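Hello,

Here is the structure I promised to pass on. My notes follow below it.

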Amino acid sequence: MTDAKEPEPVLLSKHAKNLLRFLHLLPARMSSHDSTRSTIVFFAICGLDVLNSLNLVTPQMREDIINWTYGGLVVPRDDEKPCGGFMGCRAMLPQTEDAHLLECMRQYQWGHLAMTYTSIAVLVTLGDDLSRLDRKSIVDGVAEVQRPDGSFSACVNGSEDDMRFVYCAATICHMLDYWGSVNKETMYQFIMRSLRYDYGFSQELEGEAHGGTTYCALAALELSGQLDRLDATTVERIKRWLVFRQMDGFQGRPNKPVDTCYSFWIGASLRILKGFELTDYAANREYILSTQDKLIGGFAKWPQATPDPFHTYLGLCGLAFTGEPGLSAVMPSLNFSMAAHAHLKQLHEHWRASKGLCHLSIDGSGDATDAATTKKTTSSSPLISAQ
Amino acid sequence: MGDSSDEENLGTDWLPYSERDDWADVTPLPQDDGPNPVVSIAYSPKFREVFDYMRAIIAKGEKSQRALDLTTEALNLNPANYTVWQYRRDILRELDADLQDELDYLDEVIRQNAKNYQVWHHRRVIVQMMNCAQWELELTQNALDNDGNAKNYHAWQHRQWAIRTFNLYDDELEFVNRLISEDQRNNSAWNQRFFVLKHLGFTPQVIERELLYTMNHIRVIKNNESAWNYLVGVLRQSPRGQLNSSPEVVQFSEGLYSAGNRSPYLLAFLIDLYQEQALQRREAIDNNQLAQKVYTLCEDMATKHDVIRRKYWSYVAEHLKTQLSKPSSTE
């Protein structure tokens with residue numbers, strides 16, 4: 001029996017089981033997510049990590065996830081356009097021995113920035129050492145999709161360009177500790193041109209200020225080391241816009257209903273600007289918990305709505321910001337755990353100490369002594385073969 | 001939407017490609033999901049077959065009418081497949097297809113998937129290929145007029161793009177006026193208003209007119225963040241860019257306060273107004289009085305009118321104290 005005044009508990013183990021289920025088989029009704037399967041892996045794996053429940057992922061499952069993720073890697077040849085990165089699905093990978101068909105299909109295989117970001121984040125979270133990545137090839141792919149106005153498309157062909165991919169570009173370069181020929185200055189200009197009169201950022205240029213894109217803008221500034229270019233007055237005005245998004249939970253735009261995911265987008269934005277402590281933690285928590293599915297676990301956008309991995313993960317991160325017991329700390333700008341971030345920083349140190357980029361792009365075997373000090377690395381694993 | 005694949009599969013009139021004579025020359029190509037796939041989707045038989053044929057066609061590089069029809073079917077099952085959309089565009093270019101038909105097709109697809117990025121992107125590329133945005137205002141107007149969708153971000157983004165690219169600003173203010181009068185809390189419409197006027201130019205006359213327009217709306221609904229944000233945004237467009245740039249607005253806001261209104265947006269405006277002056281006129285005799293007003297308003301916000309942001313309002317008061325205690329101002 002719980003006292004009516006006692007706060008509702010976060011059903012940690014139900015959320016873990018819920019996320020775990022998505023790693024296996026998804027129902028046919030989720031076919032419209034076929035092109036973004038790696039984002040589902042991201043929500044599930046990073047969610048389990050925040051829940052301190054990665055132990056539920058068996059060693060075999062972990063290998064399968066890592067191998068499946070690497071299976072979506074596109075490595076262009078020298079004579080092909082720089083489209084390196086991850087595809088995030090297998091819709092353009094045919095099962096055939098026919099060399100000619102495989103060759104033709106390559107024209108429609110490109111890395112996608114959002115899939116590349118989520119794929120690398122999953123690998124880092126699972127403790128992989130990224131030694132199977134050619135960092136330069138991927139960052140060349142990022143630079144290739146940057147637009148003259150500083151914005152980014154998702155991929156070399158067939159994509160819109162906006163703040164979401166500015167964010168993904170920044171996460172990728174930051175995680176790979178390499179910016180290559182990515183133009184940070186025009187990127188900064190694009191971000192600042194999208195700052196609106198009410199001091200939220202829009203998706204692109206003069207669109208409406210929005211919580212998700214404001215997060216993308218601020219995180220990209222931080223990850224590219226350009227956050228301190230904002231003057232003090234501007235920072236205070238952005239904080240105002242962000243703090244005003246709290247109703248009980250958070251909304252994404254003025255006069256819109258609250259939604260669980262904005263506890264992350266707005267919360268993380270405020271964390272980046274060091275203003276999160278100005279919010280009302282209890283009201284935020286209460287809203288997120290009102291969207292908790294007590295039967296099957298998971299969080300939804302609204303109370304009584306169907307939970308999904310996206311809102312489940314972002315709800316957990318939102319709760320982690322308020323110091324919810326049982327949840328790991330989350331790094332706001334990369335949107336994964338501080339533990340995963342610590343692992344990433346070790347990789348950076350290793351890369352910087354070793355022969356640098358050339359070493360990694362040619363010889364992906366990694367350094368055995370360093371690998372031993374890196375948590376749960378897979379670099380020495382002979383189980384993994386290229387697919 | 002892809003979500004409907006289950007029920008579509010129950011339809012009896014759909015003939016599998018494997019049973020169609022005109023597809024007999026094509027060998028379907030299954031997806032290679034690797035030896036131990038994760039996040040596998042239990043594709044319906046129809047979804048599986050359509051995409052097996054789609055892969056076969058792409059691998060062949062076939063760009064034909066039947067290939068175009070196949071993309072229609074594939075995109076109906078998964079409108080988020082950006083590669084299939086790209087292949088569709090490559091077919092349209094190769095066939096030199098009538099793009100007006102494509103726009104008609106998209107009218108329907110967008111109606112069904114108004115919040116899907118890929119369909120709007122496709123629309124944008126087709127309009128660029130045609131170099132004609134004749135139907136874009138109508139399309140987005142329909143999307144926004146659709147019940148409950150007046151804030152659809154995709155529709156607004158597309159509309160702005162069309163207006164900016166094809167210089168379609170002429171009647172936009174009229175459209176915005178209508179939407180704001182239908183729902184004064186439609187923040188998207190206020191943003192669009194700013195977008196249009198920024199283009200036309202915030203001349204002193206325009207600023208004056210806009211401040212008046214906004215004050216008139218605030219009189220009707222005082223607790224409306226969208227209108228207050230717009231008011232501040234317009235004031236910042238004035239030559240001095242300051243909140244006391246317009247005596248009318250100062251009088252208006254102080255009048256609302258005197259009349260007893262305690263909307264958090266009004267109080268936030270007054271806090272900003274007095275704070276700005278306190279920092280700029282640090283030697284003035286009424287400086288301390290201005291700062292005191294800010295502290296009192298912040299206290300009222302924190303304890304009565306905006307309790308959820310109590311920590312924030314204490315911070316605002318503290319922040320001002322710190323700034324005023326600094327030896328000299330470089331503001």
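Which hand does the crossing of α13(B) and α14(B) have? The crossing of these two helices is left-handed. (A crossing is left-handed if the near helix is turned anticlockwise from the far one by less than a right angle, and right-handed if clockwise.)

First, the ground rules. This is a predicted model, in which local features need pLDDT of at least 70 and side-chain atom pairs count only at pLDDT 80 or more, while totals for chains, interfaces and linings use all residues. Residues are numbered from 1 along each chain as its sequence is written, and chains are lettered from A and ligands numbered from 1 in the order in which they are written. Helices (H or I, at least four residues) and strands (E, at least two) are DSSP runs, numbered from the N terminus.

**Chain B helix pair**

Helix α13 of chain B covers residues 247–258, and helix α14 of chain B covers residues 264–280. They pack at an angle of about 130°, with their axes 10 Å apart. Axes are lines fitted to C-alpha atoms, for helices over the stretch in contact, and angles run from 0 to 180 degrees between N-to-C directions. That angle makes α13(B) oblique to α14(B). The scale: under 35 degrees is roughly parallel, over 145 roughly antiparallel, 65 to 115 roughly perpendicular, and the rest oblique.

From α13(B), B:V250, B:S253, B:L256 and B:Y257 meet B:L266, B:F269, B:L270 and B:L273 of α14(B). Contact here means C-beta atoms, placed from the backbone, within 7 Å. By class, this contact has 7 nonpolar, 1 polar and no charged residues. (Ala, Val, Leu, Ile, Met, Phe, Trp, Tyr, Cys and Pro count as nonpolar, Asp, Glu, Lys and Arg as charged, and the others, Gly among them, as polar.)

**Chain A helix pairs**

Helix α6 (residues 135–144) and helix α7 (residues 163–175) of chain A pack at about 155°, axes 10 Å apart. They are therefore roughly antiparallel to each other. Their crossing is left-handed. A:I138, A:V139 and A:V142 of α6(A) make the contact with A:A169, A:I172 and A:C173 of α7(A). The classes are 6 nonpolar, no polar and no charged.

The axes of α3(A) and helix α5 (residues 113–125) of chain A come within 10 Å and cross at roughly 150°. α3(A) and α5(A) are therefore roughly antiparallel to each other. α3(A) passes α5(A) in a left-handed crossing. Here A:I65, A:I66 and A:T69 in α3(A) meet A:S119, A:V122 and A:L123 in α5(A). That contact has 4 nonpolar, 2 polar and no charged residues.

**Where the chains meet**

The contact takes 57 residues from chain A and 62 residues from chain B. On the side of chain A that touches chain B, α1 (12–23), β1 (25–26), α2 (37–50), α3 (59–70) and α4 (99–105) each supply at least two residues. α3(A) gives the most, with 4 residues. By class, that side of chain A has 25 nonpolar, 17 polar and 15 charged residues.

Strands cross over too: 2 bridges join β1(A) to strand β1 (residues 40–41) of chain B, and the two run parallel. Strands pair if DSSP finds at least two bridges between them. A:L26 stands opposite B:I41 in β1(B).

Best wishes

Conventions:
Two residues are in contact if their C-beta atoms, placed from the backbone, lie within 7 Å.
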